[in-house]
Amino acid sequence: MDGPVEDPFLRLSPELVEEVLLRLPPEEPACLVRASAVRKPWRRVLASAGFRRRYREFHGPPPVLGIVQEDASFRPISALPAQPVRSRWAKVKALDCRHGRYLFESYSRYFGEGEPVYITIADPLTGHELRLRTPVDDGVLWFSAAVLCAAQGCDHHGCQGGHFCVVIVTTNHQKKVTAGWMYSSETRVWTELTSVHHPDITKYTYNRGSPSVLVGDALYFDLDGIIKCQLGTLRLSMFERPTDAKGHVMTAEDGGLGFAAVVDVTNLTIWSMQTGPEGAMGWAKLRVIDLTTLLPDRALSIPAPEDGISGIAEGTQIIFVSSCVGTYMVDLKSRRVRKVSDPGRKVFPYMRFYIPGIITYVNIYNPAKSRFTICQSIFS
């Protein structure tokens, strides 16, 4: 009787195996888990620094693995190789999520005289947290903040650990001035930003947890106007939004600054900041997308104040649209739509490559089946 026949796929050369593994979808890390369990030579390929570098270069911006909701809870949208860790701090509000970290503050705070204001920077998969005292005093009720990687030479496709920065901006409506600070984890010092004066300020509600986007060496916040924070010079400046409709700063198709807003309930309008023939900067309308052609029929049937753009995946053409029946992830390039959570006001995409590194045993969470499966794998 003949013995078992070995699968010829298992006899592929390491070079061919690497080419196959290189094409596994980064938005489904469980594929790498299963591949690492096939045989040891495959694990060695996946664990190599060269493969990790090629994988990130091949796939471009990190995939969206989950979303951080306004209450700072983490909701996976793909099968993850670790159980998301809930922060131990109660009553918190998410402010930002970028480069593998998210940032939150106390959700409801009533300051006493001289009481300090704290924020927390955390990794929702490892559970590592840092609670940080800010220069914001008890007289400042509303502020917006952003966290970003500050590692030298990082392309932000594989951020993991390393130094980071936190930027806080806040508007004094009586003085009509927007000011801010930047924290460096390397120096452990807050540095004051050059403030910007805008006498025509009228709104107030945009100044708590306002969205931001990183484009080049600048952060852009959507406050009463677009606030630009030039990271190299620590200088703030301001220019107008393209519309009064509720919207979100984003990365444009050309890699520059963009803006998206839902106008007239169903029309998603995209703008891009462009340079005119005489060198002047201004907003140009790129396209209008009818959301009724993308979202389910009932999604836009009952308009609500919180409907509209609830988040963006930085560096991509993926946006999140909130409706009366849920929040949808919309890929403007492929036009793929996926429901990712219940109705809500804001979501912060958690973007990260999860690539093998060391042998361990992990729980794979499958959101479709709402359960965990134990599997041996290797992750860094």
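# Reading contacts, strands and helices

Biologist: Which backbone nitrogen lies 2.9 Å from a polar atom of the side chain of Asp254, and how should I read such a pair?

Modeller: A polar contact is a pair of N or O atoms within 3.5 Å; within protein, one atom must be able to donate a hydrogen and the other to accept it, and residues adjacent in sequence count only if both atoms are side-chain atoms. Here the backbone nitrogen belongs to Gly256, and it lies 2.9 Å from a polar atom of the Asp254 side chain. This is a predicted model, in which local features need pLDDT of at least 70 and side-chain atom pairs count only at pLDDT 80 or more, while totals for chains, interfaces and linings use all residues. Residues are numbered from 1 along each chain as its sequence is written, and side-chain values use heavy atoms, with hydrogens and water left out.

Biologist: Where is Asp254 placed, and is Asp254 buried or exposed?

Modeller: Buried means under 20% relative accessible area, exposed means over 50%, and partly exposed lies in between, with a 1.4 Å probe and protein chains only. Asp254 has 58% relative accessibility and therefore counts as exposed. Its place is in the loop between β16 (247–251) and β17 (257–263), where helices (H or I, at least four residues) and strands (E, at least two) are DSSP runs numbered from the N terminus. From C-alpha to C-alpha, Asp254 is 9.9 Å from Gln274 in space, although 20 residues separate the two in sequence.

Biologist: How many helices and strands does the chain have, and how are two packed helices described?

Modeller: Two packed helices are described by the angle between their axes and the distance between the axes. The chain has four helices and 26 strands. Axes are lines fitted to C-alpha atoms, for helices over the stretch in contact, and angles run from 0 to 180 degrees between N-to-C directions. The axes of helix α1 (residues 14–22) and helix α4 (residues 49–59) come within 10 Å and cross at roughly 40 degrees. The two are therefore oblique to each other, given that angles under 35 degrees count as roughly parallel, over 145 as roughly antiparallel, 65 to 115 as roughly perpendicular and the rest as oblique.

Biologist: Which residues make the contact of α1 with α4?

Modeller: In α1 they are Glu18, Glu19, Leu21 and Leu22, and in α4 they are Phe51, Arg54, Tyr55, Phe58 and His59. These residues divide into five nonpolar, one polar and three charged; Ala, Val, Leu, Ile, Met, Phe, Trp, Tyr, Cys and Pro count as nonpolar, Asp, Glu, Lys and Arg as charged, and the others, Gly among them, as polar.

Biologist: At what angle do α1 and helix α3 (residues 40–47) pack?

Modeller: Their angle is about 65 degrees, with the axes 10 Å apart. Pro14, Val17, Glu18 and Leu21 in α1 meet Trp42, Val45 and Leu46 in α3, a contact of six nonpolar, no polar and one charged residue.

Biologist: Which residues join α3 to α4?

Modeller: The axes of α3 and α4 come within 5 Å and cross at roughly 65 degrees. Val45, Leu46 and Ala47 of α3 make the contact with Ala49, Phe51 and Arg52 of α4, and these residues divide into five nonpolar, no polar and one charged.

Conventions: Contact = heavy atoms within 4.5 Å.
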